[in-house]
Amino acid sequence: NSGWASNCWQLTFPLLGFILVKYSEEETEDGRRRKTKYLLLAGAVLSLILCLVLVNYDMRDNGGANLEQIRQRSVLLPSCFLVYALYNAGQSRKASGWIAACVKELSAATFGIFLIDTHTTYSEQLFEFALRCQPFAGRYLCSIFSILLEFAVYFLVVYVLRKIPGVKTVL
């Protein structure tokens with residue numbers, strides 16, 4: 001496990017999110033927004049494909065010695081795509097009320113999710129739980145399942161906590 005890279009990502013992801021949101025707010029031409037979205041989507045897909053190839057190579061030739069570094073570096077472009085696409089979905093005039101409400105709730109909970117993830121040990125426990133499906137799905141899919149599980153659990157915790165008066169202003 002690489003603590004240095006994890007700490008760098010804690011700075012990089014919020015910064016990239018801010019830059020993408022700022023770009024999206026300032027870009028008024030729909031064609032350029034669409035091109036940016038498809039470029040980020042293509043980068044995300046290529047990043048995930050490259051990750052799968054590198055994980056396969058590393059497992060075969062190095063016994064999995066570099067898996068953590070490969071995984072950490074494969075999430076950057078997919079994360080950028082998700083931030084950009086979700087932000088624009090929430091800002092779109094075409095977005096249905098349900099989609100806009102979901103994006104608004106997710107957006108409001110991100111800081112609380114970040115706090116829970118970085119300041120508690122629940123991630124390790126949820127990962128251990130997700131590893132139960134490793135014999136059936138493999139470790140990479142277990143990691144993805146673990147991330148989705150963490151996000152869902154942390155979102156629910158923050159959502160419930162925000163219903164308490166006074167806590168909503170902090171989270």
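Of the contacts in the protein with a separation of 6 or more, 67% are between residues 24 or more positions apart; contact here means heavy atoms within 4.5 Å. The model is a predicted one, in which local features need pLDDT of at least 70 and side-chain atom pairs count only at pLDDT 80 or more, while totals for chains, interfaces and linings use all residues. Residues are numbered from 1 along each chain as its sequence is written, and side-chain values use heavy atoms, with hydrogens and water left out.

The chain is built from eight helices and zero strands, in the order α-α-α-α-α-α-α-α from the N terminus. Helices (H or I, at least four residues) and strands (E, at least two) are DSSP runs, numbered from the N terminus. Buried residues make up 28% of the 171 residues, where buried means under 20% relative accessible area, exposed over 50%, and partly exposed in between (1.4 Å probe, protein chains only).

What lies inside? In soluble globular proteins, nonpolar side chains tend to be buried together. The largest nonpolar core has eight residues: Ala 109, Ile 113, Ile 116, Leu 126, Leu 149, Tyr 154, Phe 155 and Val 158. Such a core is a set of buried Ala, Val, Leu, Ile, Met, Phe, Trp, Tyr and Cys residues joined through side-chain atoms within 4.5 Å. Helix 5 (97-119) and helix 8 each supply at least two residues of this core, and the largest share, four residues, comes from helix 8. A second, separate core of seven residues includes Leu 20, Leu 40, Phe 81 and Tyr 84.

Glu 150, in helix 8 (residues 139-161), is buried, with a relative accessible area of 14%. Not counting residues up to four places away in sequence, Glu 150 touches Asp 117, Ser 123 and Leu 126. With the side chain of Ser 123, the side chain of Glu 150 makes a polar contact (3.1 Å); this term stands for a pair of N or O atoms within 3.5 Å, where within protein one must be able to donate a hydrogen and the other to accept it, and residues adjacent in sequence count only if both atoms are side-chain atoms. Ser 74 sits in the loop between helix 3 (67-73) and helix 4 (76-91). Why does Ser 74 count as buried? Ser 74 does so because its relative accessibility is 6%.
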